[in-house]
Amino acid sequence: MPALRDGEPAPADGLLPPSAVAGAAERQFSLYVHVPFCSVRCGYCDFNTYTALELGQDVSQEAYHRDAEQEIRFADSVLRATGAPRRALSTVFFGGGTPTRLAAADLVSVLTTARETFGITTTAEVTTEANPDSVTLEDLQTLSDGGFTRVSFGMQSAVPHVLETLDRTHDPRNVGPVVQWAKQAGLSVSVDLIYGTPGESVADWEQSLQEAISYEPEHISAYSLIVEDGTKMAAAMRRGEIPMIDPDDQAEKYERADALLGQAGYQWYEISNWSRAAQGRTAAQNRSAHNLAYWHNQDWWGIGPGAHSHVGGVRWWNRKHPVPYTNAVRDGISPAAGRESLDAGTQLFERIMLETRTVDGLPISVLQESERHEVAGLVAEGLIEGRAAIAGQVVLTLKGRLLGDAVVRRLVPQLS
Amino acid sequence: MSPQAVVPPVPASTDPSLLRSFCIIAHIDHGKSTLADRMLQATGVVTPREMKAQYLDRMDIERERGITIKSQAVRMPWGMGGTDYALNMIDTPGHVDFTYEVSRSLAACEGALLLVDAAQGIEAQTLANLYLAMENDLTIIPVLNKIDLPAAQPEKYAEELGNLIGEDPDRVLRVSGKTGEGVEALLDRIVEEIPAPVGNAGEASRAMIFDSVFDTYRGVVTYVRVVDGDLKPRERIKMMSTGAEHELLEIGVISPEPKPTKGLGVGEVGYLITGVKDVRQSRVGDTVTAAHKGATEELGGYEDPKPMVFSGLFPIDGSDYPALRDALEKLQLNDAALVWEPETSAALGFGFRCGFLGLLHLEITRERLEREFDLALISTAPSVSYDVTLEDGTETVVTNPSEFPEGKIKEIREPMVSATVLAPSEFVGAIMELCQSKRGQLGGMDYLSEDRVELRYRLPLAEIVLDFFDQLKSRTKGYASLDWKAEGQEAADLVKVDLLLQGERVDAFSAITHKDKAYSYGVMMAGKLKDLIPRQQFEVPIQAAIGSRIIARENIRAMRKDVLSKCYGGDISRKRKLLEKQKEGKKRMKMVGRVEVPQEAFVAALSSDSSGEKKK
């Protein structure tokens, strides 16, 4: 994603204002670990990721876990120095990039350092993203043994020509087996899908959904393809080599996804996420606790190049490139590139923006007087649930989920 | 030996036989201002060090566009044959919108320099002003400028000028405003050939106002040419058209800065300051006389300025309405031709219906409002003034399409112009085709030279004010030039076309067009709006209609998806900023019924350039 250019400079010592840790004991604390390595860069991808094994100055995929562990210790010292109470981790999430480009033992090593540094709750959710082609049963077992509880596979599509357009190299036939291995290893499983790829028909999309459902994961995420500026795909689109994204097509596919997933027992709980009851756990228990922490404005520390963090209304983001990032971490100074302290109005803005995405919704009581009168209109237009509104919550309808940004714009306060 | 005057004649006591008053007739970029600068230097009025390029064009816009909007008069001493003369150079506006001001400037002179670019030849505008000068019996001195240019063809154009005014081509002067070559010879020619003014010093004073400008510090500065008698400081004067009396606080000449004098005598040109604050109290063409024992008969030729083109000006930010009113009032101090009244548009809010002399006047006014007063404006498509007679005999004047009467119409009369187009003969076909498509009637055609043609057309003004000039230029590779003047009215089969969004009429887009063009206007606007208005949460039909009859339709499909599917930790700040920006953007949306229309859509839909269509 593009770097945020504005924001204040972050101090070298990383210290947070006292306001950031006020009331911290009431909030969950999570850890995100970014692994900025991939075997190839997909055409649509604008994530902060690198395909070279060596980036120079001793920065490499091989050595990366030690630098991540170094930042974990740095995080702990900053929080202590700022006066934060000690909080055991509620969730940990390894994302990328492709975290499974690291040896399973290295991932476990980072998790172990995190556990030893902060502690971890007994019910903590520990997830890693994985490429279906680059994990073995042994890897999955190592992760499970090392404390991981959940794995999220980037399946994207079951249709070869769609995967090809996305530059995905994995063999779609490998997804079923790896899901079974993960289950065998005792891991909870999520599968990621992408819809609206140029050239994908509605039938192609339904096929992908059916196959994902057939693997019986506890959790499925379905994202519309977003073509960001600066990606290979955006350039190909500009040249007319592949057709433009059609938002109507994406809307139709979202509706198909919600219908098919619903029939298969999956319940939506966030715009792009569905879970089902399985393995003795309810559908709600199989939601991604880590992602819910984002939408409920909990505290989290993002480890790694370009990773974002949020603690008590202060957001910051690390240097994007692994080399300057690593240099900062090894020098014991903050790798942050910039940060922003959110005022009360902005925090409310974000709360509205994030909580309306979820099935639990947003309490109407937090809206300002001037925006509260919009609620009746939104119910009338079929964008939010009437029953929930009467009970005091803003909860999007299916139509409202597709027009979620329009709803948010009507509910957020006008910032001065 | 310097030909500069040794003892310059003193204002108020200069014998009229030593005076020469002249103006320069030239097309926009033929170098009039540069030549004027050279003359200021050659006569010693301005030292080279003081020289600001194009000294006489004061306003920024004038300097940038290289055109003169408001004229001024400079007194320059010039010695010849042992006698010192005083030359009055009256700088005239160079554009079709300001024909009346030109005519008054000409009336203040005995001679005119016909200045033509030696690389381009004469243009239609110059031709029109030349006719005007000849009508005023001015002595014409033909001058080819820019002879230093490699592309100059002095022989060819001297021939053309000579033929035009019945003069031996060898008598056409050749100068370069850039290098100064030929400028002294030109000054000598002015003294030799232009007649001295004739007036009666003993009679009641009469002076003609040929320009009137507002100065922030001095109030209105009025430029006059004394015809009879004289004017003195502290004297009470009377404006003969209104009868208003003022005290002459200051009187003087410009040389090139204002210099107070003991008065102005017969034939002299200078300025008056009376302390009035509004140029409408000191109108171009009016006669100034003494309040006590003044003249009883006005000098001829005064006309009220008559607006020809109308457009609604609306502030993009509605809260700028009072600022726009203030700004218009300030501009009016300096522009007697600018008229306006408040207008309310359902789509654009509060604004002003403004009347202009022509399109350039409109553009300059708008640009000054935006630049000097920092206002962001939307202007509606330019319209003209229609006389409408209803079946029941009621007559109304319609300058705004939204005021077009609903009842049964017996007749609509529209303003006509007589237009002159000059162009290389190879473009005759293209020009005729264009004029035909604009409902023009060919009045005549003459060859100025072997390869240059003058075409005369009678055209509806409404067709000229839209994009006629742009189209003329593009069809003739920029070679054609155009001049027009108002010439009566004609009945025509005109209708009003409305644009409707979800059944709601958008008044800003209504237009009065010829019946044969209503359909294409409707289709064009409906298509434009379809591209410019973003999709809404519901379907938005766009219709073009004459009365209740729909002539074109388009449909903006409902937006089905407006949500970011991924919003995790690293997306939050960026996503929030995007939503903030979108929320902020909504403030600038205008509501037409339930439809949100961005300001940019109004601006783009109303902009006359057709680039929006080309992009498709």
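Predicted model: local features only at pLDDT ≥ 70, side-chain atom pairs only at ≥ 80, totals over all residues.
**Chain B, overall**

I started with chain B, where 49% of the 616 residues count as buried (20 or more other C-beta atoms within 10 Å of a residue's own; exposed is 12 or fewer, partly exposed in between, with C-beta atoms placed from the backbone). Residues are numbered from 1 along each chain as its sequence is written, and chains are lettered from A and ligands numbered from 1 in the order in which they are written.

I then looked up the elements: chain B has 14 helices and 31 strands (DSSP runs numbered from the N terminus, H or I of at least four residues for helices and E of at least two for strands). Among its contacts between residues at least 6 apart in sequence, 70% join residues at least 24 apart (contact: backbone-placed C-beta atoms within 7 Å).

**Cores**

Next I checked the largest nonpolar core, which has 171 residues (a core is a set of buried Ala, Val, Leu, Ile, Met, Phe, Trp, Tyr and Cys joined through C-beta atoms within 7 Å). B:Ile25, B:Ala112, B:Leu114 and B:Val421 touch the most other members. Strand S21 (residues 409-424) of chain B supplies the largest share, seven residues. I followed B:Val421 and, leaving aside neighbours within four places in sequence, found B:Ile431, B:Tyr457 and B:Leu482 among its contacts. A second, separate core of 105 residues includes A:Tyr32 and A:Val412.

B:Arg38, B:Met39 and B:Ala42 of H1(B) make the contact with B:Val183, B:Glu184 and B:Leu187 of H6(B).

In chain A, the axes of H2 (residues 64-82) and H11 (residues 322-330) come within 9 Å and cross at roughly 50 degrees, and the pair is therefore oblique. From H2(A), A:Asp67, A:Gln70, A:Glu71 and A:Phe74 meet A:Thr326, A:Val329 and A:Arg330 in H11(A).

**Where the chains meet**

I looked up the contact between the chains: chain A gives 36 residues and chain B gives 23. H17(A) gives the most to the side of chain A that touches chain B, with five residues. In H17(A), the buried residues are A:Gly404, A:Val407, A:Val408, A:Arg409 and A:Leu411. Their cover includes H12 and H16 of chain A together with helix H12 (572-587) of chain B.

Most residues other than glycine have a negative phi, and most peptide bonds are trans. Here are the exceptions I noted.

- A cis peptide bond joins A:Gly96 and A:Gly97, with omega about 15 degrees.
- Another cis bond joins B:Ser255 and B:Pro256, with omega about -10 degrees.
- A:Gln156, in strand S6 (residues 150-156) of chain A, has a positive phi near 70 degrees. A:Gln156 counts as buried because 26 C-beta neighbours lie inside 10 Å.
- B:Asp137 has a positive phi near 60 degrees, and counts as exposed because 9 C-beta neighbours lie inside 10 Å.

Key
Axes fitted to C-alpha atoms, helices over the stretch in contact; angles between N-to-C directions. Parallel < 35°, antiparallel > 145°, perpendicular 65-115°, else oblique. Contact = placed C-beta atoms within 7 Å.
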